[in-house]
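Subject: Structure for you to look at, with notes

Dear colleague,

Here is the structure I promised to pass on, with the sequence alongside it. Please open it first and keep it beside you while you read the notes that follow.

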Amino acid sequence: MQYFKSLEHIKNSYNGRICQIADYKRSGKKLVGTFCLFVPDEIIFASGANRVILCGGRNDTVAIAEQYLPRNICPLVKSSFGSIINDGCSGVRSCSHFGMVDMIIAENTCDSKKKMYEILNDYVPTHVIDLPQRPDGSTAFNYFLQELDKFKNAMEMLTGNVVTDELLAKEIRSSNEIRELFHRIYEFRKEDPPPISGTDVLKVLQKQYFLSSEEIKKILYMLINEIEMVKQDERGKPGKPRIMITGCPMSGGNTKVPDMIESRGGVIVAEESCTGTRSFWDLVDESKEPMVALAERYIKIPCSCMSPNLRRIDNILELARDFKVDGVVYYTLQFCHGYNIEKHKVQQALRKAGIPMLFVETDYSSADVEQIGIRVDAFMEMLS
Ligand code: SF4
Ligand code: SF4
């Protein structure tokens with residue numbers, strides 16, 4: 001596959017970003033940590049604060065977490081918690097960016113995260129946004145809007161700044177610009193063969209919440225320019241099975257299953273997940289009152305914590321059609337009950353649409369790589 005300089009830049013961005021955050025903190029500004037797409041960045045940035053995502057995608061911190069938490073919760077929660085309480089990384093009994101966070105902005109989604117937030121509150125003040133679990137219910141929207149107002153107040157208290165509609169409108173435009181850039185990258189993926197691999201796109205998606213908005217925009221513009229320069233004969237063979245991944249998020253450091261798919265003959269053309277389309281697909285309506293527009297956009301995120309979550313099935317079918325998907329890999333993390341159970345309805349819908357699906361339930365270890373690889377091989381062969 002093609003080599004992109006912009007991706008090299010992303011790969012090497014960690015140290016630069018940590019120094020940038022440290023400088024930012026030294027200037028007296030506030031930093032918050034988040035774990036979920038339901039937290040609107042626009043409100044954080046409009047308050048003058050900055051944000052890092054704290055979701056863990058590494059396996060080496062799972063064992064540390066298991067000294068405190070039950071083994072039978074999802075690896076994302078264990079990895080996140082393990083890196084936070086690990087004292088080997090920065091000497092401040094936490095990972096380097098967690099050590100700089102002034103507040104965590106959490107959300108009531110799955111049980112494991114909810115309970116983890118109660119523990120994290122002992123380390124750093126944690127504000128929890130309560131989510132209506134039935135997003136289409138008659139009282140859900142107003143309830144969510146009130147919760148976003150409380151979150152805005154919490155940010156104002158933390159920073160001492162007033163979050164005005166003008167500041168929110170500016171941040172909404174900025175975040176929409178990032179969303180539009182991701183849409184442009186996804187447009188390229190409709191081609192056969194796509195000029196960029198799924199694993200490369202995933203790495204950018206994973207980093208979008210770690211880097212500053214300005215940095216990620218710069219990288220996305222650079223990447224789009226580079227993709228436009230890729231010639232047809234540099235793209236590899238057309239006709240490879242076109243795969244969509246759907247399910248749990250793949251946090252930074254975790255590319256296990258995409259790597260397997262693309263090294264075994266498939267090409268990933270779309271991801272219906274929080275490290276995929278859910279992070280950017282819907283824009284915030286810039287013609288509306290900012291808080292209302294934010295609530296409208298964020299309440300629609302089709303997370304399996306919501307019930308019913310039929311919007312997700314509609315999105316999967318629409319993406320499968322638009323990206324000419326040959327097969328879907330339904331990816332879940334062990335003990336993620338929401339996505340594991342929701343598999344049933346997704347499978348029914350895909351079966352009806354005549355789209356084959358492979359179910360992969362895994363963790364962050366490499367113990368099952370061979371066994372999953374055999375199943376991926378068989379799936380690719382069936383699709384070829
Ligand atoms: S899957 Fe749900 S809980 Fe996890 S990041 Fe996405 S919206 Fe949040
Ligand atoms: S992967 Fe599932 S169980 Fe894990 S944090 Fe996300 S929603 Fe919760």
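Two residues are taken to be in contact here if their C-beta atoms, placed from the backbone, lie within 7 Å. Please bear in mind throughout that this is a predicted model. With that cut-off, V77, F81 and I84 in helix α5 meet S112, K113, M116 and L120 in helix α6, and the residues of this contact divide into five nonpolar, one polar and one charged. Helix α5 covers residues 75–85 and helix α6 residues 111–120, and their axes come within 11 Å and cross at roughly 10°. The two helices, α5 and α6, are therefore roughly parallel to each other.

Helix α5 also holds G82, which counts as buried because it has 24 C-beta neighbours inside 10 Å. Leaving aside residues up to four places away in sequence, G82 touches G56, T61, V62, I64 and A65. Its C-alpha atom is separated by 7.4 Å from that of A63, which is 19 residues apart from G82 along the chain.

The two ligands come next. Ligand 1 has around it C36, L37, F38, T109, C110, P249, C274, I301, C303 and C305, and by class this shell has nine nonpolar residues, one polar residue and no charged residues. Around ligand 2 we find C74, L76, V77, T109, C110, S112, K113, C248, L333, C336, G338 and Y339. By class, the shell of ligand 2 has eight nonpolar, three polar and one charged residues.

Turning to the sheets, one open sheet of four strands has the order β2-β1-β3-β4, with parallel pairing. Its edge strands are β2 (50–53) and β4 (126–129), each of which pairs on one side only, and the twist averages 30° from one strand to the next. Strand β1 (residues 31–34) is joined to β2 by four bridges, with the two running parallel, and in β2 the bridge partner of L31 is N50. Three bridges join β1 to β3 (residues 103–107), again in parallel, and there the partner of G33 is I104. Within β2, N50 and V52 point one way while R51 and I53 point the other way, and all of them are buried.

Another open sheet of four strands runs in the order β6-β5-β7-β8, and its pairing is parallel. The edge strands of this sheet are β6 and β8 (357–362), each pairing on one side only, and neighbouring strands are turned by 25° against each other on average, direction ignored. Strand β7 (residues 327–333) pairs with β8 in the parallel sense over six bridges, and Y331 stands opposite V360 in β8. Helix α11 packs on this sheet, touching β5 (242–247), β6, β7 and β8, and its direction makes about 150° with that of β6. Helix α15, for its part, lies across β7 and β8 and runs at about 170° to β8.

That same helix α15 (residues 369–383) is where R375 is found. R375 is partly exposed, because 15 other C-beta atoms lie within 10 Å of its own. The C-alpha atoms of R375 and T34 are separated by 35 Å, and the two residues are 341 residues apart along the chain.

Finally, a word on helix α9 (residues 198–207), in which eight of the 10 residues are buried, so the helix is largely enclosed by the rest of the structure. The buried residues of α9 are G198, D200, V201, L202, V204, L205, Q206 and K207. What covers them includes α1 (5–11), α2 (13–26), α8 (165–188), α10 (213–229), α11 (256–263) and β6 (267–272).

With best wishes

Terms used
Residues numbered from 1 in each chain as written. Chains lettered and ligands numbered in written order. Predicted model: local features only at pLDDT ≥ 70, side-chain atom pairs only at ≥ 80, totals over all residues. Pairing = 2+ DSSP bridges. Axes fitted to C-alpha atoms, helices over the stretch in contact; angles between N-to-C directions. Parallel < 35°, antiparallel > 145°, perpendicular 65-115°, else oblique. Nonpolar A, V, L, I, M, F, W, Y, C, P; charged D, E, K, R; others polar. Near = placed C-beta within 6 Å. Buried ≥ 20, exposed ≤ 12 C-beta atoms within 10 Å, placed from the backbone.
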